Amino acid sequence: MICIVDYHLGNFKSVLKAFEKINQEVIVSSKKEDIKRASKLVLPGVGSFRQGMENLKKLSLDELLKECVLKDKKPILGICLGMQLFASKGYEGGECEGLDFVRAKVLKFNLSKEKVLHSGWDNLQFSNKKSKLYNGILEKSDFYFVHSYYVECLESVETSFCEYEKPFCASFEKDNIFAVQFHPEKSQNVGLRLLENFANLKA
């Protein structure tokens with residue numbers, strides 16, 4: 001069973017429907033027993049880094065996630081804000097400590113030509129690190145993005161990049177930790193394939 005972690009920030013219904021479309025047993029929950037019982041976890045989300053961390057802490061989910069992911073090695077997928085919360089530190093809404101699953105920081109786009117908000121379809125360039133999430137997915141495939149902040153990795157965990165005036169990390173992978181900046185649940189068939197690849201990982 002896959003548990004989509006509900007920390008009261010963002011629309012989880014589209015992620016739930018996407019997993020249901022590929023015939024996965026999935027629930028949305030913030031209950032400790034559901035999260036511990038699940039074989040895999042998904043942390044989606046839309047909103048600010050600070051608000052995300054505050055919500056996780058209010059629900060006592062930050063330490064629970066660290067236990068499940070870092071100690072028990074449960075596979076987890078971070079989507080958009082979820083990916084960013086895996087970083088050590090973010091600056092959206094003021095400087096704030098993250099879950100620190102990877103050594104990284106979350107920064108606002110500093111651009112001279114493009115709008116700060118990166119929104120819409122864009123293609124990926126795979127890194128040298130082959131990700132299990134991209135099995136059966138061609139390089140240059142288009143995924144759907146909506147974000148003004150990006151993850152700058154301080155260790156070599158990037159699995160793909162996207163060009164938005166300059167390259168930024170579109171996904172990373174470290175052991176049982178997987179993260180994507182784009183929204184696979186809004187990326188049609190290629191996004192469903194990525195979610196299916198995650199669901200089929202050996203837990």
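## Leu138 and its loop

Leu138 sits in the loop that links β9 (125-126) to β10 (142-147). Strands here are DSSP runs of E with at least two residues, helices are runs of H or I with at least four, and both are numbered from the N terminus. With a relative accessibility of 66%, Leu138 counts as exposed; the cut-offs are under 20% relative accessible area for buried, over 50% for exposed and partly exposed in between, using a 1.4 Å probe and protein chains only. From Leu138 to Glu163 the C-alpha distance is 17 Å, with 25 residues of sequence separation.

A word on what you're looking at: this is a predicted model, where local features need pLDDT of at least 70, side-chain atom pairs count only at pLDDT 80 or more, and totals for chains, interfaces and linings use all residues. Residues are numbered from 1 along each chain as its sequence is written, and side-chain values use heavy atoms, with hydrogens and water left out.

## The annotated span

UniProt has an unreviewed entry for this one, and its annotation "domain: Glutamine amidotransferase" covers residues 4-198. Positions from that record are given in the numbering used here, feature names are shortened, and annotations may be inferred rather than shown by experiment. In the model, the span 4-198 is 27% helix and 32% strand, and its end C-alpha atoms lie 13 Å apart.

Start with α1 (residues 13-21), whose buried residues are Val15, Leu16, Ala18 and Phe19. They cover an arc of only 160° around the axis, so they end up on the same side of α1; the arc is taken over the directions from the helix axis to the C-beta atoms. The face turned away from that buried side carries three exposed lysines, Lys13, Lys17 and Lys21. On the buried side, the packing partners are β1 (2-5), β2 (26-29), β3 (40-43), β4 (76-79) and α6, with contact meaning heavy atoms within 4.5 Å. Just past the end of α1, Asn23 has a positive phi of about 60°.

Now for α4 (residues 61-71), where Leu61, Asp62, Leu64, Leu65, Cys68 and Val69 are buried. Their arc is only 165° around the axis, which puts them on the same side of α4. These buried residues pack against β1, α2 (32-37), β3, α3 (49-58), β4 and β14 (177-180).

## β14 and its partners

Strand β14 runs parallel to β4, and four bridges join the two; strands count as paired if DSSP finds at least two bridges between them. Leu77 stands opposite Phe178 in β14. On the antiparallel side of things, β13 (residues 166-174) pairs with β14 over four bridges, and Ser171 stands opposite Val180. β13 and β14 make a hairpin with two residues between them, and Asp175 in the turn has a positive phi of about 55°.

Which way do the side chains of β14 point? Ile177 and Ala179 go one way, Phe178 and Val180 the other, and all are buried. In a regular strand, side chains alternate between the two faces of the sheet.

## A mixed sheet

Four strands form an open sheet in the order β6-β5-β7-β11, with mixed pairing. β6 (96-97) and β11 (149-153) are the edge strands, each with a single partner, so one side of each has no neighbour in the sheet. β5 (residues 89-90) pairs with β6 in the antiparallel sense over two bridges, and Gly90 stands opposite Cys96.

## The nonpolar core

The largest nonpolar core has 73 residues, and Phe19, Leu43 and Phe172 touch the most other members. A core here is a set of buried Ala, Val, Leu, Ile, Met, Phe, Trp, Tyr and Cys residues joined through side-chain atoms within 4.5 Å. Helix α6 (residues 188-199) gives the most to this core, with six residues. Leaving aside neighbours within four places in sequence, the contacts of Phe172 include Met83, Phe86, Val102, Val151, Ile177 and Phe178.

How many disulfides does the structure hold? Cys162 is in no disulfide either, with the nearest cysteine sulfur, that of Cys169, 11 Å away. Cys3 is buried at 0% relative accessibility, and Cys162 is buried with a relative accessible area of 2%.

Conventions. A disulfide is a pair of cysteine sulfur atoms within 2.5 Å.
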